[in-house]
Amino acid sequence: MTANQKEYDVVIIGAGPAGSLAATMLAQRGVNVLVIEKSGFPRFVIGESLLPQSMVYLEKAGILGAVENANFQRKNGANFSDDSRYSSINFGDKFTEGWSTTYQVQREKFDSLLAKEAEKAGAEIWFENTVLDVQFDNTGVAITGRGQEGEYLLRCRFVVDASGYGRVLPRLLNLSVPSTFPVRHALFTHIDDTLDQQDFDREKILITVHPQYSDIWFWLIPFSKGVSSVGVVCSTEHMGRYEGSSSDKLWALIAETSQLSELLTGAKERRLVSELSGYSSNVSKMCSPQFALLGNAGEFLDPVFSSGVTIALKSADLLVDPLMRQLSGEKVDWEEDFAAPLKVGVDCFRAFVEAWYEGELQTILFNPPSYDNPIKKMIVSILAGYAWDEKNPFVKQGKRYIDLLAAQCA
Ligand code: FAD
């Protein structure tokens, strides 16, 4: 093993949206940052439909222009269908002020773009390098990594775990706790679609609820240029009923819907169907004076409201102020200044995800209060990602208000 003489202020594990945004914002403030990324970029990862709230963090970091110039598919809302009912949400009809539009992005392109912006800001990124071990002592943090030339050891003052599903620190420090959500399974691929020959709004994600099982749902996320992402989420137990390849299972499930299967007539797979299960996760501790967990390396709830990348970017944004204060010698209360503010929005999304699977939110979305009703605007705000706006009563009282509203809407 070789010892790398250079000592970094901050080492970030992973160059997904959380890691790259944190690297950009820290490097812009003069921090000496190294990002260690396991894959070679571009690399595929799922999580393609952004929420308008995420634009705030891209704008704050000065990289929104680069994203806007990349010709991603614009997104302005969400449509919901269960074959017999249909509902449409426009993010413009929201309670919280701010962005009403965002993008649907191929993550290989989006994540490469964010990583390039981090490098432009002055962060170093070592691609195809894997963090194997992290040790803490009184003088800092020792990181063991592995690259093409073998293993090495380097030191830093603070380590940020943005390793997504890699969950490096939760594994090494035994921080993982089971998610409160049951184990679910996702199947997904990219397709050449035929949506432009049909009456279909490419500017909205389509969420289709299975006509018989309300806990099974499908996404259709159009990108630009006739390509879409399509996927399904269902319980592992239900998935066990289907035979054949991943592709056979995905298309068998789609065939059980009428509207979605009609929309996808003539679609052709562009990549092999992927499977992912047991992705929901939680941790007992998000931070300490020597580490912080960002994005999926901390808690991941569920994909249904496309909140993952927004939470990843929010966590990166929240990291910067306390970390800058600590690096300049101030004592920081990490629980109060980082974990607690992040939790406000995560808990709000959790209440919405629970209400989706328990049925109340589907009742509200398919029987919505009228458009000028301020309550509908509050719900639209959360679906647009504004889950940290405490002026919106659904942020802190989500479950209670959803239950009350669902009873009225029913
Ligand atoms: P990631 O994007 O996962 O990046 C982590 C990086 O760390 C990776 O590049 C990885 O290679 C690297 N890494 C891992 N281990 C190591 C290591 N040991 N050393 C070095 N590097 C390492 N979110 C949305 O916002 N919209 C959606 O539509 C959406 N759909 C989803 C659908 C499904 C089925 C699932 C499961 C999730 C979905 N998500 C969605 C969530 C989204 O995938 C994640 O929340 C998001 O990618 C988290 O970003 P991140 O930066 O935390 O991690």
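# A tour of the cavities and the ligand pocket

The lining of the largest cavity is made up of nine nonpolar residues, one polar and one charged. Asp, Glu, Lys and Arg count as charged, Ala, Val, Leu, Ile, Met, Phe, Trp, Tyr, Cys and Pro as nonpolar, and the others, including Gly, as polar. The structure is a predicted model, in which local features need pLDDT of at least 70 and side-chain atom pairs pLDDT 80 or more, while totals for chains, interfaces and linings use all residues. Residues are numbered from 1 along each chain as its sequence is written, and side-chain values use heavy atoms, with hydrogens and water left out.

**Stop 1: the largest cavity**

Select Leu51, Lys75, Ala78, Phe80, Phe91, Ile205, Ile207, Val304, Phe305, Ser306 and Leu383, which line the largest cavity. A cavity is a set of points, on a 1 Å grid over the protein atoms alone, where a 1.4 Å probe fits but cannot get out; lining residues have an atom within 4 Å of a point. Strand 4 (77–81) and strand 13 (204–209) each give two or more residues to this lining. Helices (H or I, at least four residues) and strands (E, at least two) are DSSP runs. The volume of the largest cavity is about 100 Å³, taken as the space filled by probe spheres set on the points, which are joined across faces, edges and corners. In the whole structure there are three cavities of 30 Å³ or more.

**Stop 2: the second largest cavity**

Which residues line the second largest cavity? Select Ile89, Ile364, Leu365, Pro368, Pro369, Lys376, Ile379 and Val380. The space here is about 40 Å³. Helix 11 (360–366) and helix 12 (374–383) each supply at least two lining residues, and helix 12 gives the most, with three. By class, this lining has seven nonpolar residues, no polar ones and one charged.

**Stop 3: the largest pocket**

Move to the largest pocket, which holds about 920 Å³ of space. A pocket is an open set of grid points with protein on both sides within 12 Å along at least five of seven lines. It is lined by 47 residues, and Val45, Arg107, Gly164, Tyr165 and Asn296 are the closest to its centre. To see the elements that give two or more residues to the lining, colour helix 1, strand 8, helix 5 (168–172), strand 12 (184–192), strand 14 (217–222) and helix 9. The lining divides into 25 nonpolar, 15 polar and seven charged residues.

**Stop 4: the ligand**

Show the ligand, which sits in the largest pocket (more than half of its atoms lie within 2 Å of the grid points). Helix 1 (17–28), strand 8 (130–137) and helix 9 (308–327) are the elements that give two or more residues to the shell around the ligand. Helix 9 gives the most, with three residues. The ligand is surrounded by 36 residues, the closest being Glu37, Ile46, Arg107, Asn296 and Val309 (a residue is near if one of its heavy atoms lies within 4 Å). This shell divides into 17 nonpolar, 14 polar and five charged residues.

Next, select the polar contacts, pairs of N or O atoms within 3.5 Å. A side-chain N or O atom of Glu37 lies 2.6 Å from an oxygen atom of the ligand. For the side chain of Arg43, the distance from an N or O atom to a ligand oxygen atom is 3.0 Å. At Val309, a backbone N or O atom is 2.7 Å from an oxygen atom of the ligand. Of the 1,000 Å² of accessible area (Shrake-Rupley method, 1.4 Å probe) that the ligand has on its own, the protein covers 96%.

**Stop 5: two backbone details**

Select Phe41 and Pro42, which are joined by a cis peptide bond with omega about 0 degrees. Pro42 belongs to the loop between strand 2 (33–36) and helix 2 (53–60). Finally, go to Asn174, in the loop between helix 5 and strand 11 (176–177). Phi of Asn174 is near 60 degrees, a positive value in a residue other than glycine.

Definitions and conventions. A polar contact is a pair of N or O atoms within 3.5 Å; within protein, one must be able to donate a hydrogen and the other to accept it, and residues adjacent in sequence count only if both atoms are side-chain atoms.
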